[in-house]
Structure formats: structure tokens, C-alpha cells
Amino acid sequence: MSKNINQLRLLAILAVIGVSVYLLVKMPITLGLDLQGGTRLVYEGQETEKVKVTEDAMAGVVAVIRNRIDALGVTEPTIQRKGKNQVIVELPGIKDPERAIKIIGDTALLEFVEAEWSPGDARTISEEKLKEFYGPEARLETFKEEKEGRERAIILKKTVLMGADLKGAWPGLDQYGNPVVDIEFNSKGAQIFSEVTSRSVGKPIAILLDKRIISAPNVREPIPSGKAQISGNFSVEEVQDLVIKLKAGALPIPVKLVETRIVGPSLGKDSIDRSKVAGIIGFALVAAFMILYYRLPGFLADIALAIYVPLVLAILSLLHATLTLPGIAGFLLSIGMAVDANVIIFERLKEELRSGKTVKASFDASFERAFSAILDSNVTTVIAAVTLFFVGTGTIRGFAITLSVGIAASMFTALTLTHMMMNMLVDGKLVTKPDSKLLYK
Amino acid sequence: MLDVVGKRRIWFTLSGILILVSISAFIFNAFARGLPLNLGIDFLGGTLLNLRFEREVTVAEVRRVLDDYKLGESVIQKSGEKDVLIRTVPLDNEVRTKLLKDLGEKVAPAEILEADVIGPTIGRELSTQALWALVIASLGIIIYVSFRFEFKYAVAALLALYHDAIIAAGAIALLWRTVDVPFVAAILTIMGYSINDTIVVFDRIRENLKKPTLAKKKFSEIVNISIWETLARSINTVLTTIIMVLCLLFLGGEPLRTFSLTLLIGFTAGAYSSIFIASPIVAVWEGSPKKK
């Protein structure tokens with residue numbers, strides 16, 4: 001009878017190990033940005049005179065950023081809202097974070113503006129006069145032509161088309177072989193463009209990106225096809241980036257980069273290697289201490305601890321938690337805390353044995369009586385860890401998660417697994433007398 | 001058996017001195033250095049560049065390049081033979097890229113280990129969050145312990161926790177080590193974990209109070225007995241955790257050093273305060289003449 005029970009217990013323990021190891025092999029834990037290298041960016045939506053930071057605007061920001069990142073070809077990016085006006089972007093393992101930052105954060109507001117080169121005296125013209133002659137939206141700007149290097153005064157009359165009116169954008173070359181962006185308007189846009197070009201022959205159309213004039217070509221003839229080119233002394237890479245931004249659309253509100261964290265691949269590797277060494281040595285020292293101090297029960301606690309390690313990692317991978325450096329620290333720390341429950345039980349066991357009970361009765365009593373102390377002390381640690389989770393951000397959440405999972409798992413291994421193994425000792429008649437040398441004097 | 005409760009003046013004085021030293025450290029730092037603790041960029045905002053150069057470089061070489069940027073007070077430290085840590089004001093993407101390029105050309109090619117730029121608003125948010133975390137965790141603990149034991153016990157436990165947290169933070173202030181987010185995690189972990197030993201003693205007091213054999217003893221004697229009975233486990237539970245903390249401290253590498261140092265001091269203070277502070281407070285409070 002007792003033999004059968006022991007077989008069942010052994011089976012249960014092996015099952016826990018088996019499932020944990022299987023899970024770990026099947027779904028390895030994802031490493032956080034601080035360990036695998038990568039870039040974390042926090043953008044904050046900025047209110048403008050025209051547009052308020054609304055729920056819709058922020059949702060739009062997230063959608064546009066997602067499109068841009070997808071176009072960059074980053075694997076497994078995370079983009080999430082935080083608070084009222086922040087967006088957190090995490091890009092694992094990208095090689096050129098500077099380029100990503102440039103592409104993601106630009107508003108990329110594309111405008112086509114009906115314009116006119118200003119007559120010589122326009123620089124001195126008053127604003128009222130300007131508005132009277134050229135329309136209520138008219139304003140005076142200077143445009144520096146890159147090729148000729150001269151500055152010309154230009155009067156921007158009215159924005160007629162925006163990035164949203166585009167059907168598509170592609171990298172292309174102009175007739176001299178310079179990189180340009182080829183664009184095509186959608187049907188409504190093409191119609192407007194046709195009308196505007198018809199009445200603007202001989203006059204320029206200014207193309208503005210984020211309120212900055214990038215080019216102002218003169219219209220030679222009406223363009224009914226809805227196709228145009230944006231030239232602006234671009235490099236090939238700039239053209240590619242602009243295409244990405246135009247395709248993804250403009251951000252509904254401008255955003256400001258408020259936090260940048262770039263971690264190179266070496267730092268994470270260093271950290272992982274070091275924590276492995278720290279973990280193995282720490283585990284060995286804790287295990288040795290338990291055997292020296294608590295003998296056979298200590299050894300059983302060590303077996304439970306050896307099961308605890310893959311168990312915690314398996315739970316973390318089940319929860320899809322990402323392992324960060326503070327997370328690893330929390331995990332290593334929890335190895336030291338995991339044996340606490342066993343220490344409390346074994347100390348209790350000493351007392352119970354001294355009081356003259358049988359081994360079996362002492363074992364049971366020690367687990368039963370130690371439970372309240374173990375539960376209460378663990379709950380308080382979890383209270384602190386959960387607070388950290390909800391208040392903390394980024395990598396610290398990783399710490400809170402591993403610590404909480406670690407504590408929960410240690411309750412299981414210390415109470416259930418060690419108890420089972422200790423009962424195996426009794427039922428297997430390994431330990432029969434309270435003064436057995438396998439226990440303690 | 002050591003009369004822990006009877007000799008409480010000694011323990012309270014010792015703790016009082018330690019707390020006084022810690023608070024003096026905060027005040028001294030605040031006046032002499034402008035901040036009670038050496039707050040890092042996580043709190044204040046700023047730029048942190050951790051670079052690994054191809055060859056061994058000197059701080060002076062790096063400073064020469066930085067001086068061109070007129071960044072004001074920048075801290076430049078060596079964190080390894082080829083590794084250099086630069087802390088300065090928040091730089092925008094373009095300036096940072098240019099600075100890194102300049103350093104690569106004028107000093108030596110460098111690999112970016114880490115490059116962080118935190119805006120000042122984010123830092124302020126974090127400080128508020130950290131304070132909230134302390135308040136919420138304190139409330140959580142006081143409610144739970146009041147529920148499981150009594151309000152008196154909860155207050156005593158919390159006083160012991162603040163004692164541990166203040167001493168840990170004080171030591172970090174004295175050493176003037178840079179503190180960032182992990183420091184907040186360390187302080188909260190100290191609060192969550194150091195209470196464990198206190199609870200083990202409280203649990204024993206709760207149990208001993210029900211024992212008929214001890215019914216005639218004075219409350220302070222029961223506290224003494226309870227402390228004594230649980231001494232081995234109080235020490236051993238902390239010891240195993242401190243083993244891991246020491247491994248982290250000495251083997252875990254630079255990023256975790258301040259974090260593990262804070263934990264080491266906090267846990268040690270916690271083991272002491274569970275035995276010598278929390279329980280005597282309960283004994284004094286419970287044993288006061290007002291009690292019927």
C-alpha cells in the first residue's frame with residue numbers, strides 16, 4: 001500500500017519536472033530589450049493650436065507608428081499606449097536605431113500649397129495687404145533652392161492637397177538620375193491636382209513636409225494624370241525613408257520623443273553570462289547550506305529547489321513574460337527566498353521531534369503549524385511586488401513578475417513537493433526514529 | 001536567554017543612531033551636493049552613454065570631445081578598461097548621433113553598450129510613482145497585518161520596515177551611489193521581504209499567547225520566549241537570501257551593483273529589526289499600563 005503511494009508521489013514529482021522542461025523547450029522565454037539588445041522609445045503626443053490630444057488622435061498615432069515600423073521590417077516590435085498621451089515603442093535587436101527614431105517620430109505632414117513667387121517688393125508687404133491680395137491663408141516664406149543656392153521669397157496661398165490624398169508613393173529617379181519620390185493621388189486628389197495645375201501654369205506649387213518647404217517646382221502644363229514627383233536634393237536613403245512615412249501617413253498630432261533607451265547586443269550578453277555564474281554559485285551555496293544545517297530534509301529541500309528553477313521559468317514562459325535583467329535578479333533572489341518556507345518548516349520539525357512525537361506525526365505537525373507563518377510572510381512580499389508591478393514601468397515590471405511568480409512557485413515546491421518527499425521517507429521506512437542521524441541531533 | 005525586551009533601550013539607541021546617521025547623510029548631501037540622494041537620469045532626466053571603445057581610453061580624452069558641445073556639468077566615468085560611462089543633460093537624437101560620431105573619430109571607434117535619453121517630465125513622473133509605490137505598499141502591508149494580527153503589530157512591523165528602508169537608503173546616500181529605477185525596486189523588496197522575519201516572530205507570539213503553559217507569564221516574557229524560539233529560522237531564512245544577494249553583488253556585474261548593495265544593507269537591517277525593534281515595540285505597547 002505505502003509502496004504504491006510512494007510510486008504515485010514519485011510520478012507526480014516527475015510529472016512536474018517533465019511538464020516544466022517540456023514547456024521550456026517548446027516555448028523559450030523571450031528576453032527583454034535590456035538583455036537581447038534593442039531600442040525602447042517613448043513618445044508623447046503634443047497638443048497644437050488646431051488639434052487636441054484626444055483618444056482618437058492617440059489611436060491614430062499608434063496606427064501610423066505601427067505602419068512605419070512594419071515598413072522598416074523590425075521583427076516583433078511592441079507598440080503600446082501608456083497613460084493619456086504616451087506611446088511606448090519597443091524594437092528588439094535593430095541595428096540602426098537613429099534611422100528608426102527619425103522615421104517613427106516625424107509628423108510627416110505632407111502639404112501641396114498653391115504658391116506664387118513674390119514680386120520684388122513683397123518682402124516689405126504688410127500681412128494685411130498679403131491677405132487682401134493672395135487670400136486669407138496667404139503667408140510669406142523664403143525658400144532656399146539647394147541646387148542654385150539662392151533664396152527666393154515665396155507666397156504660400158492655400159493648402160490644396162495633403163498626404164491623406166495620396167494613393168501611393170514610390171522611390172524613383174528624375175530625368176537626371178537624382179533620387180526622387182514618385183507619388184500618385186487618389187481619384188479625388190487627382191481631380192483637385194488637375195484643377196490646381198491648370199490654373200497655376202507658370203506658377204510654383206510648394207511641397208511642404210512638416211511645414212518646411214522641400215521643393216517648389218513651377219507648373220509647366222496642367223497634369224490630369226494625378227501623378228507627380230517630389231524632388232528635393234534627397235539621398236537614396238532619404239527617399240526610402242520619405243516613402244515609408246508617406247505610405248504610413250502623417251501623424252494626426254506631432255509627437256515628442258521623451259525617452260530613448262538603446263541597448264547594444266554586448267551589454268545584454270555580458271549580463272546574461274554574469275547572472276548565470278552568479279545563479280549557479282548562489283544555488284550551490286544555498287543548497288550546501290541546507291544540507292549542512294538540515295541534513296536529509298535539507299537535501300529534499302534542495303531537490304525541491306532544483307525543481308523550482310525550471311518550474312518558475314516554465315510559468316514565466318506560459319505567462320509570456322519577458323525576462324529582463326532586473327527580472328533575472330528577482331529570480332536569483334527568489335532562489336534564496338524559496339528555501340525560507342522549508343527553513344521555517346524544518347525548524348518547526350526540530351521542536352516537534354523534541355516534544356516526543358513520532359516521526360510521522362512530527363512531519364505532519366510541522367507542515368501544518370508552519371503554514372500560517374509562511375503564508376503571512378509571503379503575502380506581504382507579494383503585496384510589495386504587486387505594487388511594483390502596477391506602479392513601475394519597463395524592466396522593473398519584469399522584476400515584479402519574476403518575484404511574484406517565484407514566491408507563488410516556492411510555496412508550491414516547499415509545501416507540496418517537500419512534504420511529499422518527506423512522507424516518502426516515512427512510508428518507505430527510511431526514517432523511523434525521531435533521533436535518526438538523517439535528521440538532526 | 002537574552003532579555004531582548006528588557007534591554008530594548010540598547011537596541012532602540014543603536015537603531016536611533018543609525019537612522020540619525022542616515023538622515024544626516026540626506027541632509028548633508030542636500031546642502032553640499034544639492035540632492036539628498038545621487039539621483040540618476042531615471043529621476044532627473046538626462047543622457048547616459050555607456051560606450052566600449054576599441055582601446056583603453058582616458059577620461060580626459062573623452063572630456064575634450066564633450067567640451068566642444070558645451071554640455072555643462074557632465075560626469076565621465078570609467079566602468080571598465082575600455083568602457084566609459086557618460087552622464088549629461090538630455091540630448092536630442094541628432095546631437096547624440098553627432099557626439100557619438102565625434103567620439104568615434106576623435107577618440108577611438110566605440111560600440112554602444114547603452115544609450116539612454118530621458119526627458120525631465122518622465123523623471124518627474126517616476127519620482128511621483130516611486131512615492132506612490134511606497135505609500136501603497138505600506139498601506140497594503142498595514143491592512144494585511146492588521147487583518148491577520150492586530151493593528152499594533154502592523155504598526156510595529158511597518159516602523160521596523162521604515163527603519164530598514166531608511167538605513168539602506170542612508171548607506172547609499174553616504175556612498176553617493178547613483179540611484180535609478182532598480183533602487184526603488186530594491187527599497188520595495190526590502191519592505192516586502194524584511195517583514196517576513198517579523199511575521200515569523202509575531203506568528204509565534206500569537207501561538208504562545210494561546211498556550212496554557214505560558215498563561216501566567218508576562219507579555220514581555222512571552223515575546224522574549226517567542227523571539228528565542230524562532231531565532232534560528234529568523235537568521236537562516238535571511239542568510240540563504242543574503243547568499244544570493246552577495247552572489248549578485250560580486251558576480252552580477254555593474255548594472256546590478258547598487259541594487260544588490262541596497263538589498264544587502266536592507267535585508268541585514270531587516271533581520272536585526274525583526275528581532276530587536278518590531279517585537280520590543282509590540283511588547284512595550286501591549287504591556288503598557290493602559291491595557292486592561
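Modeller: Domain bounds here come from an automatic or database domain assignment. This is a predicted model, in which local features need pLDDT of at least 70, side-chain atom pairs count only at pLDDT 80 or more, and totals for chains, interfaces and linings use all residues. Residues are numbered from 1 along each chain as its sequence is written, and chains are lettered from A in the order in which they are written.

Colleague: Into which domains is chain B divided?

Modeller: Chain B has domain 1 (8-38 + 122-286) and domain 2 (46-118). Their C-alpha centres lie 39 Å apart.

Colleague: How many residues does the contact take from each chain?

Modeller: The contact takes 55 residues from chain A and 53 from chain B, where two residues are in contact if their C-beta atoms, placed from the backbone, lie within 7 Å.

Colleague: Which element supplies the largest share of the chain B side?

Modeller: That is α7(B), with 13 residues; helices (H or I, at least four residues) and strands (E, at least two) are DSSP runs, numbered from the N terminus.

Colleague: Changing topic, which strand of chain A is joined to β4(B)?

Modeller: Strand β13 (residues 255-263) of chain A is joined to β4(B) by five bridges, and the two run antiparallel. Strands pair if DSSP finds at least two bridges between them. I262(A) has A115(B) as its bridge partner.

Colleague: And which residues does A157(B) touch?

Modeller: Not counting residues up to four places away in sequence, A157(B) touches I141(B), V145(B), I195(B), T198(B) and A278(B).
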